[in-house]
Amino acid sequence: MGERIAFLESGNQLAALPVTIAEAASGPRYEPGRDLRWLLLRPWVLVSRLTVVLWQLGSLALVLVVQGSSSNARVQEQLGRRILTTLTELGPCFIKVGQALSTRPDLVRRDWLEQLTQLQDNLPAFPHATALATIERELGAPADELFEQFPDYPVAAASLGQVYKAQLVDGHWVAVKVQRPNLPTILRRDLVIIRLLGVLTAPFLPLNLGFGLGDIIDEFGATLFEEIDYRLEANNAERFADLFARQPEVMVPRVERLLSSEHVLTTQWINGTKLQERQALEARNLDPAALIRTGVIAGLQQLLEFGYFHADPHPGNLFALSGKTGALGHVAYVDFGMMDSISDSDRLTLTGAVVHLINRDFRALAQDFVTLGFLNPKADLEPIIPALEEVLGGALGDNVGSFNFKAITDRFSELMYAYPFRVPARFALIIRAVVSQEGLALRLDPGFKIINVAYPYVARRLLAGDTSDMREKLLEVLFDRDGRLRLERLENLLAVVENDTSNPNLLPVAGAGMKLLLGPEGASLRQRLLLTLVRNDRLHTDDLRALFSLMQRTFSPQKLMGGMLARLAPQAA
């Protein structure tokens, strides 16, 4: 193996180095104007492909025109299946379009979303000889020289590539992903056609657009061309691994840089069970509830803490591993082609939106939608606030546990037709990630409520006040506009943490709270508490007495000791 590595180092040094987005831009990338000119200069390609696309989409459009306005739920379900079949037959780019649309409740009516979310990347494999030729061209040597064992067929074939299970000379097994041939050309051709047809037909489609369909397609095309550069995917995998380096419950496969390039990606092989069927997990003595909890908490960390997230956490990209860390199961992520980032301001607003939702502060929640870009800043919020309360408050029910994100998404799509809502472009992948995460959880546990995990996570972060943003949000939650302490909200936060069966230990919360209250970071909190005591030139001690009483009840020695015992010996709890 030493000779083979030396050969790679001398003949293909770039394969072993990380690549930036700017460096990757020297390869194929999406440029709508240039790509349109490229296809117009090849009329034989344009005409032949356009004929196929128009025939398939024209047949679909005819059925939609005839039956699209039907109020029969069964008819709409059949139309959704017809859309699903058509996009699948049209190939990789159209499959990706369907997947992208499945995350956009503001663009596609709810009746069809259920079918579009079923799109899978299970396609026929391309010729094995072509895969071998790609490996030799990209890595500088034949597969049988680079690997101790390399199979004659792939273990999986997706829309953009296929995966082989190979063995290195040192005995380690690896996953070798090889990209489909001529993929940049195929995608460029189809993206031009999709954009042309989209812009021309947008006025006639039953879509609720907050901005131009061409802009949405351009956003999709740019993301897709990043996804087919496996050098960027290798960077993504290593960055993601660094974020979870200290969390044994989350595993990320190691990238074999010397055996990876722009069109070939080699990573550590994951021996795990796909998070698809509860029975399969239980047959291997794996705890579905613990695995779900890990997946949801890891997803929340990505969105609300790290600001960098896996945008496609479907069952094929998450594997269950043996072992547990406390109440958390062990999972492995794979496939890092579709990743995205979220800004610090959006992360803070989303955290506040969760709290506003649970506290039924729908006026503040409406303002959160404005801040995030879901509502125009000039929109009149007065008629929207009652609608939010009806849709979101009704779904929330009498307690946090009744909340279901998928049900909310379905109801929310109705609001988007009646009120000026739209999904900002930057939230397309976030919605996809959250919906995929909850869908996976519901598949393993139909009674699962994502907010039961999400709210304790948010509550602990707020109460810890470990960042200036969290301290600012905590003050917003605890004090009203007049500076009065909203003790019921603090009690609500503490109750959520206390009732979190997966982590009942209150000692870290108590320690973080005391550190915040007495430390230099708690100056603003101490000042606000002092102002609460002195109002209108009079001393008010009612709130302070109520606060001390709440602290005594919540952090009694018995409760703290019980939480520690439950943490140390879960079986005794």
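Among contacts in the chain between residues at least 6 apart in sequence, what percentage join residues at least 24 apart? The share is 70%, where a contact means heavy atoms within 4.5 Å.

This is a predicted model, in which local features need pLDDT of at least 70 and side-chain atom pairs count only at pLDDT 80 or more, while totals for chains, interfaces and linings use all residues. Residues are numbered from 1 along each chain as its sequence is written, and side-chain values use heavy atoms, with hydrogens and water left out.

The chain has 26 helices and twelve strands; these are DSSP runs numbered from the N terminus, helices being H or I with at least four residues and strands being E with at least two. Of its 573 residues, 51% count as buried. Buried means under 20% relative accessible area, exposed means over 50%, and partly exposed lies in between (1.4 Å probe, protein chains only). The chain exposes about 27,400 Å², of which carbon and sulfur atoms supply 56%; accessible areas come from the Shrake-Rupley method with a 1.4 Å probe, and for residues only the protein chains shown count as cover.

One piece of the surface is a nonpolar patch of about 330 Å², made by Leu62, Val65 and Val66. Patches are made of residues with over 30% relative accessible area and no salt bridge; like charges are joined within 9 Å, and nonpolar side chains (Val, Leu, Ile, Met, Phe, Trp, Tyr) within 5 Å. Val65 belongs to helix H4 (residues 43-67) and is exposed, at a relative accessible area of 66%.

Side chains of opposite charge can pair when their charged atoms come close. The whole structure contains 17 salt bridges, each a side-chain nitrogen of Lys or Arg within 4 Å of a carboxyl oxygen of Asp or Glu. In the bridge between Arg195 and Asp218, the closest N and O atoms are 2.7 Å apart. This pair links distant parts of the chain, with Arg195 in helix H10 (residues 183-201) and Asp218 in helix H11 (residues 213-227), 23 residues apart. Arg195 is partly exposed at 27%, whereas Asp218 is buried at 18%.

Arg257 bridges to Glu238, with 2.9 Å between the closest N and O atoms. Because Arg257 lies in the loop between strand S4 (250-251) and strand S5 (264-268) and Glu238 in helix H12 (residues 230-243), the pair ties together parts that are 19 residues apart in sequence. Arg257 is buried, at 12% relative accessible area, and Glu238 is partly exposed, at 28%.

Salt bridges that share partners also join Arg29, Glu31, Arg34, Asp35 and Arg188 into one network.
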